[in-house]
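Hi,

Here is the structure I promised to pass on.

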Amino acid sequence: MTDTARTARAGVPERPTLDGIEETWARRWQEEGTYAFDRRRTVPVGGTAPDAPSRTGRREDVYSIDTPPPTVSGELHMGHVFSYTHTDTVARFQRMRGKSVFYPMGWDDNGLPTERRVQNVYGVRCDPELPYDPAWRPPATPINDEARKNPTPISRRSFIELCERLTVADEQVFEALWRRLGLSVDWSLTYTTIGRVARATSQRAFLRNLARGEAYQAEAPTLWDVGFATAVAQAELEDRERPGAYHRLRFTGPGGREVLIDTTRPELLPACVALVCHPDDERYADLVGATARSPIFGVEVPVHAHSLADPAKGTGMVMVCTFGDLTDVTWWRDLQLDTRVVIGRDGRLLPEPPAGVPAQPYAALAGQTVNGARREIVGMLADAGDLIGEPRDITHPVKFYERGDRPLEIVSTRQWYLRNGGRDPQLREELLARGRELHWVPEHMRHRYDHWVGGLTGDWLVSRQRFFGVPVPVWYRLDDAGEPDWSQPLTPDESALPVDPSTDTPAGYDESQRGRPGGFTGDPDVLDTWATSSLSPQIVGGWETDPDLFAQVFPMDLRPQGHDIIRTWLFSTIVRSHLEHGVLPWRDAELSGWILDPDRKKMSKSKGNVVTPMALLEQNGSDAVRYWAANGKPGMDLAYDAAQIKIGRRLATKVLNASKFALGLGAADALRAAATEPLDRAMLAELTDVVTAATTAFESYDHTAALLAVESFFWRFCDDYIELVKERAYGTGPASDSARAALATALSVQLRLFAPVLPFVTEEVWSWWRYGSVHRAPWPTTYEVGRAIEGEGDPELLRLAGEALSQVRRAKSERKLSMKAEVPLAEALGPAALLEKLTLVSDDLRAAGRIGKLDLLPDRTTELVIASAF
């Protein structure tokens, strides 16, 4: 029995209010362990080998959720509230269905977002060459713009300490908001992606990938963000429209033939290694296999044919440089071209020309920024007469790192890669098959996965030239000249993890040998943040550290996430699980849409249209905001709507007031009694259908349909049923007992049906008259409701009585009379069969409508008509 099961009843307050219930219940839930994962209920069955987990290897009463760890780099926004509310409705539903819910919370705190936030908050930058100064203290915040433009260099250790300090503060703010929102997380299961467990898990998985040949190191063309000074992966790219210009350059072919090419990057002319045309382009057929001489530099380059060249684009002849874009990389590989790199990691042209390029003309470009070099070489081309016509302005897509603000360059660097099917057709097909095996909500989201996997052009680049991340856990021997041996990296034993090669030493060496010939050097890079986040099921599930727990929760039941990170988080998690365990990491994936502003534009900080959630939660109440969020279906975008939040507030208030009224009639003491009167049985019969509809919807991850079914019935229950039976419920005798019994069952069932979406108000009302927590109470069943009906119930009776009462009210309203005004005579007209049904509830109708006499006039009309005489 949980602590919540012993919680006493509070009694009905004199003046119920929504104010303050979030603080009260968030505290109570934490104190009483309401949402704690009870692993004592889930003893594993069968084998528990951690290297081969199986869903049949654990008790099936566990429901485990791979909760998205939000990036700790600023404020949570309404998109987080939207999607995390959806997940919470699932957790609450499954818990009430009797499952032991494994619902952790993580913080994604390593990587570039945190580093950038530290730089902006403190006005510092990391210089790994600086020694650690234990006496250094960060500047007081906030800092001014000058400090941001001219950041103070600090040691790597000091920089990491600032990252850790800032993330702890941010995480506390995030947790406070999640608690206010009412997420039913087990807060004892919290983790961070830079924490010791995550670092050890990430490094263990990497070392196993390395041992199996799935991780490898290579010197290759790399997408490079100049601003962040790091490599980035294909999954982190985005195209942004930017202004540019086509420049027509003149090359010289055999016999002095003029060969024209169009390029947007004339500054890469010294990096040109070939010209390429389409194999079917007759204009250049005689040039294929020959050479052409570049302008300014006079370098002879081969002319090749390749299918990727577009005859209709520009002149049809393309300049191939190493490297201007990803197509250059493809041509370089396919045609086995030379390499002439001219752009360095700082985004400037290298001080020395590549081999074969004359130094004299190159000297004017050395050390220039890309834009400066472009202006310089355009002038040189014009002076030489090799710039044909004026540059033609265009707008074209340019590759950016999704978090960067400068166009990416392609430079040659040594990086770590993880095989992901980009160059392995068999692995690609295996991963596509995993996508077909996964249950997608909504189903059409699988096409995004298929499109991404099918379009991969290379393996996953997992190393980053940054600081606040999980270190790549390898060292390298240094030869007698002090050069590293890349071919045989030194690796730690798994028992030593986590390690930091910048401070730890490999087995058989000591610190005095670091950086010395014959000694060793540590890998300076860290792993991509997705390389750690992709192991979230393993991190929180106790992979290799808690085999019993891992057997109970892995593979997990649910991965909830945004549709925009299918290509990153979802795909990378499947890759890691497939390679390590040979299974999907979860059974179901529920995808969320975006939050739009009232103009149907995506909310983003850059657009200035973001709504801060905490203020909304405080002003309207958490249940009201959750109500708005639950009106968004999985995979669909939802516009922020203040009016919808107000409706949610009104609904929560009505739950309070209607519950107080029902309990004031004595419903609490009639909970397990039977409903005997026709109207009572009718209401419960309809409620049976609502239970079925809501249960089916929640089982399908359709919280919106579940809420619609429950809310629609609730308003009919309040507006029609309570009004129809309250006079009878005030009385004594069997008919009154029936009304109170029906009210008790209906209230108990509806509170539980609402509980996944409106956790605070339902818990508040539940505490007035029931023991324990509504969120630990069993989910209602049709059997439970049917058991409260003596005999049969006809749902049509409630609708019929409600329509009749509505017509009486309308007549009073049209005459501007009080709803309590007497109606001396009312005539009911309609088909005989309909009026015969009406007689079953006529006493309740007359009492609710203050009708003195009700005459039934069959077959006068085709539909029910109530004519009121005053």
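Let me start with Leu-684: leaving aside neighbours within four places in sequence, this residue is in contact with Ala-675, Ala-742, Thr-745, Ala-746, Val-785, Ala-788 and Ile-789, where contact means heavy atoms within 4.5 Å. Together with Leu-838, Leu-684 has the most contacts inside the largest nonpolar core, which has 88 residues. Such a core is a set of buried Ala, Val, Leu, Ile, Met, Phe, Trp, Tyr and Cys residues joined through side-chain atoms within 4.5 Å; buried means under 20% relative accessible area, exposed over 50%, and partly exposed in between, with a 1.4 Å probe and protein chains only. Helix H20 (residues 703-730) gives the most to this core, with 13 residues. Another core, of 65 residues, lies apart from it and includes Leu-207, Ile-377, Leu-387 and Val-499.

A word on the source: this is a predicted model, in which local features need pLDDT of at least 70 and side-chain atom pairs count only at pLDDT 80 or more, while totals for chains, interfaces and linings use all residues. Residues are numbered from 1 along each chain as its sequence is written, and side-chain values use heavy atoms, with hydrogens and water left out.

Next, the strands. Helices (H or I, at least four residues) and strands (E, at least two) are DSSP runs numbered from the N terminus, and two strands pair if DSSP finds at least two bridges between them. An open sheet of 3 strands has the order S17-S24-S23, with parallel pairing. Its edge strands, S17 (439-441) and S23 (556-562), each pair on one side only. S17 is joined to S24 (residues 586-592) by 3 bridges, and Val-441 has Glu-590 in S24 as its bridge partner. Helix H2 (residues 78-96) lies across S23 and S24, at about 140° to S24; axes are lines fitted to C-alpha atoms, for helices over the stretch in contact, and angles run from 0 to 180 degrees between N-to-C directions.

Elsewhere, S27 (residues 823-830) and S29 (residues 865-869) pair in the antiparallel sense over 5 bridges, with Glu-827 opposite Ala-867 in S29.

Finally, His-278 lies in the loop between S11 (272-277) and S12 (291-293) and is buried, with a relative accessible area of 17%.

Happy browsing!
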